[in-house]
Amino acid sequence: MRILVTGGAGFIGSHTCLVLLEKGYEIVVIDSYVNSNNKSLERVIDILKSADQTVKFNIKVINLDIRDQKKLDQLFCDSHNLRTPFNAVIHFAGLKSVKDSLIDPLLYWDVNVNGSINLLRVMNKYNCRTIVFSSSATVYGIFNNEPLKENTSINPINTYGQTKAAVEQFLTDIYSSNPEEWKIVNLRYFNPIGAHESGMIGESPLGIPNNIFPFITQVAVGKRDKLTIFGDNWPTLDGTCIRDYIHVMDLAEGHISALEFLLENKNQIINLNLGTGHGKSVLELVKTFEQVNNIKIPIEFSGRRRGDYASVVADNSLAISCLNWYPKRCLEDMCKDGWKWQSLNPQGYN
Ligand code: UD1
């Protein structure tokens, strides 16, 4: 099986590439490196070699922006001519900052939506019609403290979420145009955190992290003074927001299960929530991090962040029943592995 992984050098992409290679898939990774580092995949190889020196891994890495229609076509054309066509695509490539998406919607629509259109155009041209798409719980938009099911209405409230919802809609239209051929899964991620247990690969955000977990690890490593918690008066048990944090390795394994689900089943389009189904508050996350790693995280409270919700938790029962998958790692594992990565790599990959 030959799989194309777009954006495979990024946080979730690199962890997924590791699992794909462990499982014996041949992979071609394309990445523009605008928000990732080529060291991540070198580290993936190091992890694999440290487990077994003798095994050969089949990975090719190409610097390619999915908006570059010509290069993308050439890649598919070459694979076709060499009689090594792609069996499927795992599509991570895209921009992911909610904040930046509000400042530069042109860029976000261009990369996330035009990039996906380019990709689907060449996939269709070269008869590769199986895709796992990296979507987000952000597409839901309406959160009423109940675990979210996949049939919850789509109503994203920021540009980033709009672009993810637009690609999901686009994929629905593509599927409808040729339901005999397409196999599509939209994976809606909740809050991926942690790192591979080796501490060799992990999240390496540029600049000040927007998300809570890399912020906590940067406080722990001394790069930032304290964590500011956005709001202490939410209608939750301790007044701080609740999220569904999922270990990035559980998420990575979810991609392989989703891929295999598509390869083994009839043509379809399906949306699946990838979360643990368990909500944890910001204070629970901080306390767990402190206990597991024996580190104090100084905190302060500020007002609520615009666009936040009290509670966002997945109903993951559909993913569990469809995929041969369930999240195995707990919050303690996420905190331990995330800190191992950050402490071994205080500057990330830089
Ligand atoms: C954010 C994105 C979401 C994306 C997800 C990826 C927004 C509105 N949503 O979700 O689109 O898919 O990341 O992981 O940005 N918090 C603090 N202090 C901080 C940072 C965060 O208290 O410095 C709190 C937030 O208020 C929130 C929780 O931590 O309650 C999680 O925040 P974050 O990591 O940014 O994730 P989400 O907002 O859930």
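1. The protein chain has 11 helices and 14 strands, counted as DSSP runs numbered from the N terminus (helices H or I, at least four residues; strands E, at least two). This is a predicted model, in which local features need pLDDT of at least 70 and side-chain atom pairs count only at pLDDT 80 or more, while totals for chains, interfaces and linings use all residues. Residues are numbered from 1 along each chain as its sequence is written, and side-chain values use heavy atoms, without hydrogens or water.

2. The radius of gyration of the protein chain is 20 Å, which agrees with the value near 20 Å for a compact globule of 350 residues; it is taken over C-alpha atoms, and the globule rule is 2.2 Å times the number of residues to the power 0.38. Of the 350 residues, 55% are buried, meaning under 20% relative accessible area (1.4 Å probe, protein chains only).

3. Helix H1 (residues 11–22) packs on helix H2 (residues 39–51) at an angle of about 35°, the axes being 10 Å apart. Axes are lines fitted to C-alpha atoms over the stretch in contact, and angles run from 0 to 180 degrees between N-to-C directions. On the H1 side, Ser14, Cys17, Leu18, Leu21 and Glu22 take part; their partners in H2 are Ser40, Leu41, Val44, Ile45, Ile47 and Leu48. Contact means heavy atoms within 4.5 Å.

4. An open sheet of three strands has the order S12-S9-S14, with mixed pairing; strands pair if DSSP finds at least two bridges between them. Strand S9 (residues 242–243) and S12 are antiparallel over two bridges, and Arg243 stands opposite Lys280 in S12.

Notes: Buried means under 20% relative accessible area, exposed over 50%, partly exposed in between (1.4 Å probe, protein chains only).
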